[in-house]
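Here are my notes for you to read alongside the model. Have it open and follow the points in order.

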Protein chains: 2
Amino acid sequence: MNLEEELNKILSPEQVTTNQTMREQHSRDESYHTPSLPDVVVFPKSTADVQQVVSFANKHEIPVVPFGLGTSLEGNSIPYHGGISLDLSLMNQVLEVRPGDFLIKVQPGITRTQLNKELKKHGLFFTVDPGADATLGGMAATNASGTTSVRYGIMRDQVRDLEVVLANGDVIHTGGLSAKSSSGYNLNGLMVGSEGTLGVITELTLKVHGIPECIMAARAAFPDANSAVEAVTSILAANIPVARMEFVDEYSIHQVNLSNESNYEEKPTIFLEFHGNEAGLKQDVEFMKDIVSELGCKDIYFELDTKSRALLWEARHNLAYSFIHGFPGKKLMVTDVSLPITELSGAILNSRKEMDELGLIGALVGHVGDGNYHALVMVDLTDEVELNKAKQLNERIVHYALKRGGTCTGEHGVGVGKIMYQQQEHGAAYEVMKAIKKTLDPKGIMNPGKIFSKE
Amino acid sequence: MNLEEELNKILSPEQVTTNQTMREQHSRDESYHTPSLPDVVVFPKSTADVQQVVSFANKHEIPVVPFGLGTSLEGNSIPYHGGISLDLSLMNQVLEVRPGDFLIKVQPGITRTQLNKELKKHGLFFTVDPGADATLGGMAATNASGTTSVRYGIMRDQVRDLEVVLANGDVIHTGGLSAKSSSGYNLNGLMVGSEGTLGVITELTLKVHGIPECIMAARAAFPDANSAVEAVTSILAANIPVARMEFVDEYSIHQVNLSNESNYEEKPTIFLEFHGNEAGLKQDVEFMKDIVSELGCKDIYFELDTKSRALLWEARHNLAYSFIHGFPGKKLMVTDVSLPITELSGAILNSRKEMDELGLIGALVGHVGDGNYHALVMVDLTDEVELNKAKQLNERIVHYALKRGGTCTGEHGVGVGKIMYQQQEHGAAYEVMKAIKKTLDPKGIMNPGKIFSKE
């Protein structure tokens, strides 16, 4: 069968391509994982298009791999078994804004900055902010999060309803418009984080928030990483409702300074943000100052105006890119464990020790309010020794976390990079996941080889 | 087969009973739904006990209906197909407190007041507060919520991990200890709200919160229900982070006054609570005062001391019981829809109109910050005309909500009372739920006839 010809019967010719450059663009993500070409790239314009493509693929047992912008970090969107790369970038419209209900309905191809641009008109914002300007469909598929989840929750917490095209071509809605429901099984939660292995997300209804009356950002530098992480746990224990609380080690700050022409002090640092009313923030900040100064922070800087605040968070968001651009020829490997807060300080110190022992270049950063941190390691993929060391680091970090009740992936998803830890992390529950996959996708066409090895 | 004899081979004799009084106690819940006797009541003391009972039941295709305290409102724990009522009240221990991680691990039979008593020692509290002093296992099974979910979320948001015994006897853990994870499918969310139809919850690891520095409660009386609900939406729109926001109509206040010897003004009223630091609350409260006075609220009363605050919320929590005790011989029927906030005011006014037209006795109350409200209707079950009117009211209220993107049940679950609306609410997604049920419980022994009709 000529796949392109067959798909041309379903969609218009400009929606189907086997162009080599286009296939290459859809063969990789932003990670160190090996690229793999799709047979064809398809650009649906509607749910009906997706439905037709998926039904066709299911009939002929052809893999379908949803693709947003390819910013995933565990090979989540790489079509390792060929087939159709389903690029959703043409489905990027805002379908409905309901400001009074704090809801917005969008198509999956819209990115988070496009979304926030639209929301700003209504005094609203969308909270989840992964490093990349990812698509909302991709963010839902991997259950993404970012710097604000300590206050506003992760991607799964924002999803009120999804329209999903299942392997059999059925179109379902996983939720509704009300803030809560005890009606039937929680398919919202099941689909979020399923990485395209159970269906294709074609519409999202998302919770949005009012822009806070007052925002205050700060950075606090500490003599060592231990005191910095201690500060985080103390702030949480003191019940101070921080909106963001990011740990960046001295290596990260160094890289940030290099590529942003900033001159932040090159010490382990916590970037913080507070959202609320003016009087409340003032009291929170005073309390926080007491805590950090007791832990050896001599200098706490407040970014008061919108511009320096924006610069601070831009620096944080661009950190991974600072490394990528700073080490041409190397690729980025990012670990992504999350642990209970009381285990975090030990985990971060241990990771630094492991990196130093292995002689790897990199830094540690984290959404530490959630117990989630990343080792960013720059790897020359042609250097087998270095690549193996990086893989070893990842493995050691994951085992450390799993032994302490943590997870192998806090926000990047399983993709192919974390499959080998699924059995260890989930035990008998992994069989339940496999059974659900088998039930909803009996022919195994939906993003095969992700979360589970292809049978 | 003599069921009691066979179960006596598995458990000690004092854990198995066919005593008539005991069976009757396990034949009903707090609702108007018709009681139905189990064949036997079993009291497991451990996960291993549950595992053995469930494996035995699965082998012989005997229904297993988990039972907490029987406070459900949609017949969720009534054993309509006989079999085993699995009473988890002996499994009511706190297994572990991790104050630094804001986590507690408990057995399913513990009630929320028992849990909070333990947590108070650590300066912590558990947020979810349904009207009844339900068990935590039951609360997870129905995805319960209450007055605080507008701020802290519903039951599903508090569950970090569950230990669940599946129909095949496998024991799984649905999550872990870290605050977030993108690892595998979200089984936490799937099990919460599954009402014992997918497995028996034998352990829960729950998120807990620090007791706020400052708590302030208030009640604001309005000239009519419309302005009261308008006030709620305005407070939400103003981004004021209320911790509780409850609507109680004039009929409710009347009943509260009767049974609590209070003398709250008998007008549509909003009960509010604010949690935070002192300075922040002061500013929030000032803002709130402006909003409510613009909507015709002339009198706003602050309950400043712990005692009058406790009385206020006790009155709210005991409201259903005030009606039950106030109308001996009648049973309580509670509707439970939830809608997008902008549809709430219309829904509440319409419900009042329907109740008056049908000539039913009752009141309207709600967790209106979530768009969730209840009509409390007192019904003489021997009066077929009255019972039919009450059922009609329920149906009209559900249809009104479903037409506007709402749900037929915000927090009580489906049980048997909301099965007839599942197809309408979920459409094709209901088939997915059925398929998951079939996969995890192929013989249909787990709480048969709930959420889905028994095949």
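1. Buried means under 20% relative accessible area, exposed over 50% and partly exposed in between, with a 1.4 Å probe and protein chains only. Helices (H or I, at least four residues) and strands (E, at least two) are DSSP runs numbered from the N terminus. This is a predicted model, where local features need pLDDT of at least 70, side-chain atom pairs count only at pLDDT 80 or more, and totals for chains, interfaces and linings use all residues. Residues are numbered from 1 along each chain as written, chains are lettered from A and ligands numbered from 1 in written order, and side-chain values use heavy atoms, leaving out hydrogens and water.

2. Take helix H12 (residues 306–317) of chain A: its buried residues include A:Leu312 and A:Trp313.

3. Now strand S17 (residues 362–367) of chain A, where six of six residues are buried. In a regular strand, side chains alternate between the two faces of the sheet. Both faces of S17(A) are covered, with A:Leu364 on one side and A:Val365 on the other among the buried residues.

4. Who are its neighbours? Strands pair if DSSP finds at least two bridges between them. S17(A) runs antiparallel to strand S18 (residues 372–379) of chain A, joined by six bridges, and A:Leu364 has A:Ala375 as its bridge partner. Four residues separate these two strands in a hairpin, and A:Gly371 in the turn has a positive phi of about 75°. Strand S13 (residues 242–248) of chain A also pairs with S17(A), antiparallel over two bridges.
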